[in-house]
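The sequence and the model are shown first.

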Amino acid sequence: MRIETIRHLRCTVIRASGELDHAGRVRFSACVMAVWDWSEGPVLVFDLTDLAFYDSSVIGVLAMAMQRMEEEDSGGRIILVRPTGHLLSVLRLTDLLSHVELRDSVEETVAELTTRSSAHGASALAPPPVVLRLGGPR
């Protein structure tokens, strides 16, 4: 499994590719915790479209992030970009779908968050994104 994180001014994008199974869950969870404070809230944008395989571990990681946000009452958000039909079904069955936002594109999501924060008086001059890549081959 390969994990790439990109720090933007108003959110953190987490892209995972390859196979996410029980062994990868520990690394994926650790990555989410490592970038937790990169954005206010935090606002975590998950792009899982390049996962060739995933098991219930993906639900465990998302549920862990949701639980932490609830406990901290931080106003955090979890945004899923183009989730598969199967993932949507599982999120619906586990009653987690109501706790995430769905979007069509990472780029549009980042632009929307930046525009929205600029409209509320935040600086439109964002620092360049910071990219962190973890893991081996795709």
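The model is a predicted one.

Two packed helices are described by the angle between their axes and the distance between the axes. Helix 1 covers residues 22-34 and helix 2 covers residues 57-72; the two pack at an angle of about 25°, and their axes are 9 Å apart. Angles under 35 degrees count as roughly parallel, and helix 1 and helix 2 are therefore roughly parallel to each other. The crossing that these two helices make is right-handed. On the side of helix 1, the residues that meet helix 2 are His-22, Arg-25, Phe-28, Ser-29, Val-32 and Met-33. Their partners in helix 2 are Ser-57, Gly-60, Val-61, Met-64, Ala-65 and Arg-68. Sorted by class, the contact between helix 1 and helix 2 comprises six nonpolar, four polar and two charged residues.

Helix 2 also packs with helix 3, which consists of residues 85-93; here the angle is about 55° and the axes are 11 Å apart. Helix 2 and helix 3 are therefore oblique to each other. The crossing of helix 2 with helix 3 is right-handed. Val-58, Ile-59 and Leu-62 of helix 2 make this contact with Leu-87, Val-90 and Leu-91 of helix 3. By class, the contact of helix 2 with helix 3 contains six nonpolar residues, with no polar and no charged ones.

The next topic is empty space. Rolling a probe the size of a water molecule over the atoms shows where such space is left. Across the whole structure, a search finds one cavity of 30 Å³ or more. The largest cavity has a volume of about 60 Å³. Its lining is formed by Phe-46, Leu-48, Thr-49, Tyr-54, Leu-80, Val-81, Arg-82, Pro-83, Thr-84 and Leu-87. Two elements give two or more residues to this lining, namely strand 3 (43-54) and strand 4 (77-81). Strand 3 provides the largest share, with four residues. In terms of class, the lining of the largest cavity holds seven nonpolar residues, two polar ones and one charged one.

The largest pocket holds about 250 Å³ of space. Eleven residues line this pocket, and the closest to its centre are Arg-10, Glu-40, Val-43, Arg-77 and Leu-113. Helix 4, made up of residues 106-119, gives the most to the lining of the largest pocket, namely three residues. Three nonpolar, four polar and four charged residues make up the lining of the largest pocket.

The second largest pocket contains about 160 Å³ of space. Among the residues lining this second pocket are Met-66, Met-69 and Glu-70, together with Asp-73, Ser-74, Gly-75, Gly-76, Arg-77 and Ile-78. His-99, Val-100 and Glu-101 also belong to the lining of the second largest pocket. At least two residues of this lining come from helix 2, and at least two from strand 4. Helix 2 supplies the largest share, three residues. The classes in the lining of the second largest pocket are four nonpolar, four polar and four charged. Arg-77 lines the second largest pocket and is also listed among the residues closest to the centre of the largest pocket.

Two points of the backbone complete the account. Most residues other than glycine have a negative phi, and most peptide bonds are trans. The peptide bond from Gly-41 to Pro-42, however, is cis, with omega near -5°. Pro-42 is located in the loop between helix 1 and strand 3. Asp-73 is a residue other than glycine with a positive phi, near 45°. The loop between helix 2 and strand 4 contains Asp-73, which also lines the second largest pocket.

Methods:
Residues numbered from 1 in each chain as written. Predicted model: local features only at pLDDT ≥ 70, side-chain atom pairs only at ≥ 80, totals over all residues. Heavy atoms only, no water. 1 Å grid on protein atoms, 1.4 Å probe; cavity = no way out; pocket = protein on both sides within 12 Å on 5 of 7 lines; lining within 4 Å. Points joined across faces, edges and corners; volume = space filled by probe spheres on them. Nonpolar A, V, L, I, M, F, W, Y, C, P; charged D, E, K, R; others polar. Axes fitted to C-alpha atoms, helices over the stretch in contact; angles between N-to-C directions. Parallel < 35°, antiparallel > 145°, perpendicular 65-115°, else oblique. Left-handed = near helix turned anticlockwise from the far one by under 90°. Contact = heavy atoms within 4.5 Å.
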